[in-house]
Amino acid sequence: MPVPGSTPPIDSYAFLSDTHTGAVVGADGTVDWFCVPHFEGDAVFARLLDRRVGGAFTLAVEGCAEPGRRRYLPGTLVLETVHHATGGSAVGQDFLAVRAGDAAQPFRAGMLLVRRLTVRHGSVRVRAEVTPRTGYGAHAVGWHRDGDRWVAADAGLGLRSTLPFRVDGATMRAEAVLHEGQTVDVLLDYGAGPAEAVDSAELLAQCCRTWREWSDRADYTGHGSDQVRHSATVLRGLSFDETGALLAAPTAALPEEIGGVRNWDYRFTWHRDAALLLLALFRLGHAEEGRRYLRFLLTTCAGAGADLPPLVGIHGATGEERVLDHLDGYAGSRPVRVGNEAAHQVQFDTYGHVLDAALSYQQLTGELTGAQWRVLRRHVDTMAARWREPDHGIWEIRGPRRHYVNSKVMAWVCLDRGIRLAELLGDDDAPVDRWRTNRDAVHAEVIARGYDTGIDSFVLAYDSTQLDASLLRIPLVGFLPGDDPRVVATIDRVRRDLAVAPALIRRYAIDDGLPGEEGAFLLCSFELVSALVLAGRRDEAGELFDHLCGYAGPLGLYAEQVDAAGTALGNYPQAFTHLALIEAALNLDGAGDRDALHAWADRSV
């Protein structure tokens with residue numbers, strides 16, 4: 001859907017990744033977002049957030065009546081674009097170079113953005129411009145020649161090309177007429193990228209081979225198999241291969257309301273749905289990635305103090321949130337924020353997600369170590385002692401702490417999984433009786449105070465009648481059966497009162513202290529599919545899933561949210577949307593009385 005002014009729709013962008021950093025490429029052939037030397041680094045191309053001063057990297061075929069036809073080469077994150085110009089046609093491939101690694105680090109980043117263009121017939125005129133700006137667009141850079149390579153030392157970039165580039169202030173420019181059969185390359189290295197000449201055709205073949213060998217491990221052929229496999233590839237692209245961390249998204253400050261203030265940095269790892277990610281990776285044949293993510297998760301937990309942070313950086317730390325006043329924001333959406341203050345919140349649901357992931361891991365592998373279990377025991381003890389306290393909740397509402405029902409449910413998950421892990425591991429010294437007493441107490445309290453008989457639904461918080469779509473996960477974590485009348489009533493109430501459009505629901509409808517309102521939350525919309533399956537309403541769930549698949553962008557990528565008109569909102573592509581799609585598809589395919597992924601893990605014991 002269109003966005004006011006000349007700003008491209010969020011979901012019109014392509015996403016490139018080398019599992020070290022990412023780039024987004026517009027339909028006009030411009031790289032509008034690129035962070036170096038890794039996902040959390042400085043966006044040296046930031047036109048996504050300011051089309052006036054944000055840096056950019058354009059490679060365009062002139063004289064085209066309409067944008068090129070784009071697709072990902074099957075099983076990869078290599079973007080192919082076919083251009084039809086007045087005098088001929090050309091095909092381009094854009095990718096961040098990767099090669100196969102080893103078991104410890106399956107992907108190896110080439111630290112090289114490759115843009116390759118071949119003329120298929122006739123002649124075409126090509127234009128290229130490279131304008132990096134450091135400090136998220138705040139500062140121009142200088143270029144100098146170093147052998148056959150142009151270097152922007154301030155930005156840590158090197159440029160090599162068969163096009164005749166020249167310096168024009170802070171911009172490198174080139175134009176040329178190419179004829180049938182000619183191929184040109186523009187190679188931009190970053191970090192420790194190659195300083196020597198490389199063969200772009202070999203890089204392309206190597207990159208495609210690496211992605212396809214990875215994606216071909218998945219043997220899933222069930223419901224929504226094409227979407228599942230593509231979503232798994234996107235999730236792999238959002239994984240940081242040095243540590244195994246998963247980014248929520250590669251972008252920052254894309255608005256949840258066009259022109260509004262709900263603009264957050266999502267280039268971090270949330271422990272939310274850690275078990276779902278782990279189970280999906282194992283189920284789709286990517287066990288090593290699951291192991292690496294679990295190790296990262298437990299390492300960050302071991303280093304945490306009394307409170308588990310709800311989000312961490314890809315290296316295990318987080319920076320302070322700050323506002324970039326020099327940027328106008330996407331479609332005028334200000335303020336532009338980098339960093340995320342929510343890292344300092346108290347979110348008790350985090351404990352449940354971590355323990356759920358650890359139990360699933362132990363069921364699947366039996367590989368939890370004594371040291372890891374001691375860390376986990378400490379966090380189960382914390383929940384046994386603190387579950388009666390209020391917290392900030394899963395949605396990170398920036399206000400006073402409350403007794404959020406989802407947080408209580410996930411405290412129950414933490415205690416329940418802790419008990420089951422102690423039994424699996426044969427730990428007779430664990431205070432299981434105390435954990436069990438608290439687990440049963442929190443369950444009874446949620447039933448008594450978290451369900452409102454007046455509106456016939458579970459509610460956002462104690463002493464509230466407001467709804468919360470995160471409570472669709474009550475059956476998915478085993479708190480109650482999917483066909484329990486209270487679960488079914490909550491599904492129907494959420495679907496009716498939080499609807500934005502058919503198949504689309506918001507996460508809540510309350511005054512959260514910020515002006516304006518957000519759109520439908522696609523994570524919750526896909527979780528509604530899973531909840532309907534567990535409620536025994538598979539046909540209804542299947543129709544909803546198919547409808548939701550229509551909200552993907554032209555390249556099969558999902559943003560965090562959409563509005564009633566289908567306009568993509570929020571950071572993009574959004575890992576949790578793709579993860580919830582995988583969960584919904586696997587539940588539809590399993591269609592049992594227990595969610596398919598946890599049931600599959602249980603069978604591994």
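Which hand does the crossing of α5 and α6 have? It is left-handed, and the sections below place that crossing among its surroundings.

## About the model

This is a predicted model, in which local features need pLDDT of at least 70 and side-chain atom pairs count only at pLDDT 80 or more, while totals for chains, interfaces and linings use all residues. Residues are numbered from 1 along each chain as its sequence is written, and side-chain values use heavy atoms, with hydrogens and water left out.

Helices (H or I, at least four residues) and strands (E, at least two) are DSSP runs numbered from the N terminus.

## Helix α5 and its two partners

Two packed helices are described by the angle between their axes and the distance between the axes. Here, axes are lines fitted to C-alpha atoms, for helices over the stretch in contact, and angles run from 0 to 180 degrees between N-to-C directions. Angles under 35 degrees count as roughly parallel, over 145 as roughly antiparallel, 65 to 115 as roughly perpendicular and the rest as oblique. A crossing is left-handed if the near helix is turned anticlockwise from the far one by less than a right angle, and right-handed if clockwise.

Let's take α6 to begin with. Helix α5 (residues 287-302) and α6 have axes that come within 11 Å and cross at roughly 140 degrees, which makes α5 oblique to α6. From α5, Arg-291, Leu-294, Leu-297 and Cys-301 are in contact (heavy atoms within 4.5 Å) with Val-354, Ala-357, Tyr-361 and Thr-365 of α6. By class, this contact has six nonpolar, one polar and one charged residues; Ala, Val, Leu, Ile, Met, Phe, Trp, Tyr, Cys and Pro count as nonpolar, Asp, Glu, Lys and Arg as charged, and the others, Gly among them, as polar.

Now for α4. The axes of α4 and α5 are 7 Å apart, at an angle of about 155 degrees, so α4 is roughly antiparallel to α5. This crossing is left-handed. Ala-274, Leu-277, Leu-278, Leu-281 and Phe-282 of α4 meet a set of α5 residues that includes Ala-287, Gly-290, Tyr-293 and Leu-294. The contact of α4 with α5 divides into nine nonpolar, one polar and two charged residues.

## Buried residues of helix α14

Helix α14 (residues 596-603) has Ala-596, Leu-597, His-598, Ala-599 and Ala-601 buried, where buried means under 20% relative accessible area, exposed over 50% and partly exposed in between (1.4 Å probe, protein chains only). Their cover includes α4 (274-283), α6 (349-365), α8 (405-425) and α13 (575-590).

## Arg-337, a buried charged residue

Arg-337 sits in strand β24 (residues 337-338) and has a relative accessible area of 11%, so it counts as buried. Its side chain places a polar atom 2.7 Å from the backbone oxygen of Val-261 and reaches the backbone oxygen of Asn-263 at 3.1 Å. Beyond neighbours within four places in sequence, the contacts of Arg-337 include Ala-252, Ala-253, Trp-264, Asp-265 and Glu-321.

Ser-530 belongs to helix α11 (residues 522-534) and is buried, with a relative accessible area of 0%. Apart from residues up to four places away in sequence, Ser-530 touches Leu-476, Glu-583, Ala-584 and Asn-587.

Phe-545, in helix α12 (residues 538-549), counts as buried at 1% relative accessibility. Leaving aside neighbours within four places, the contacts of Phe-545 include His-223, Gly-224, Phe-526, Val-529 and Ala-584. Its C-alpha atom is separated by 28 Å from that of Ala-253, 292 residues away along the chain.

Conventions:
A polar contact is a pair of N or O atoms within 3.5 Å; within protein, one must be able to donate a hydrogen and the other to accept it, and residues adjacent in sequence count only if both atoms are side-chain atoms.
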